Amino acid sequence: MSSNTNKMTFWLIWLVGVVPMAIAFFMYYTGMLSPSSTVNNGELIKSQTLSQWKLQYQNKAWQQSNQWQILHTQPLQCQSEACTNWSSTLPNLVKLLGKDSDRVVLLEVGKQKSMLQTSKLSELGEAVWIVDPLGNLVMRYSPELTPKQLLKDLKKLLKVSGIG
């Protein structure tokens with residue numbers, strides 16, 4: 001009787017470990033049963049770096065900082081209500097991060113001499129971008145979204161990030 005119980009216990013323990021792993025492999029490699037919705041508000045960007053933008057400041061190559069960055073790209077001077085809203089709200093948004101506000105820097109990319117400049121500005125369009133301390137573009141926010149949505153996502157990123 002104890003031999004039967006030992007075999008049953010052995011197989012139950014083995015199945016408790018193997019079945020979840022088999023399901024995880026199946027989900028990972030087939031993509032089936034994966035969640036289709038996300039909790040982030042911005043558009044997630046895959047495999048793009050800030051170095052691809054070739055940013056310059058006053059005709060000199062710009063150096064990447066070791067902080068999280070919020071970049072506001074403006075191909076034209078702010079004329080739309082959405083652009084004006086973002087421009088006026090972004091400095092306050094950094095302050096709303098509280099103790100993490102020193103981990104984030106706000107930069108503007110445009111055609112004015114006081115801004116960072118890039119030749120890809122027309123391709124990038126008007127948007128707000130989050131860049132990690134390693135120079136990877138993480139998220140993009142269109143002008144239609146609100147700064148409150150960016151704040152929510154940025155707080156999550158800073159909470160789970162160990163860099164910057």
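Two strands pair if DSSP finds at least two bridges between them. Strands themselves are DSSP runs of E with at least two residues, and helices are runs of H or I with at least four, both numbered from the N terminus. This is a predicted model, in which local features need pLDDT of at least 70, side-chain atom pairs count only at pLDDT 80 or more, and totals for chains, interfaces and linings use all residues. Residues are numbered from 1 along each chain as its sequence is written, and side-chain values use heavy atoms, with hydrogens and water left out.

Start at strand S7, residues 137-141. Strand S6 (residues 127-131) pairs with S7 through four bridges, in the antiparallel sense. Within this pairing, Val 128 has Tyr 141 of S7 as its bridge partner. Five residues sit between the strands of the S6 and S7 hairpin, where Gly 135 adopts a positive phi near 90 degrees.

S7 has another partner to look at. Strand S1 (residues 43-44) runs antiparallel to S7 and is joined to it by two bridges. Here Glu 43 is placed opposite Arg 140 of S7.

Now move to helix H2, residues 81-95, which contains Ser 87. Ser 87 contacts (heavy atoms within 4.5 Å) His 72, Gln 74, Cys 78 and Glu 108, leaving aside residues up to four places away in sequence. Val 16 is 71 residues from Ser 87 along the chain, and their C-alpha atoms are 54 Å apart.

Note on methods
Buried < 20%, exposed > 50% of the residue type's maximum accessible area, 1.4 Å probe, protein only.
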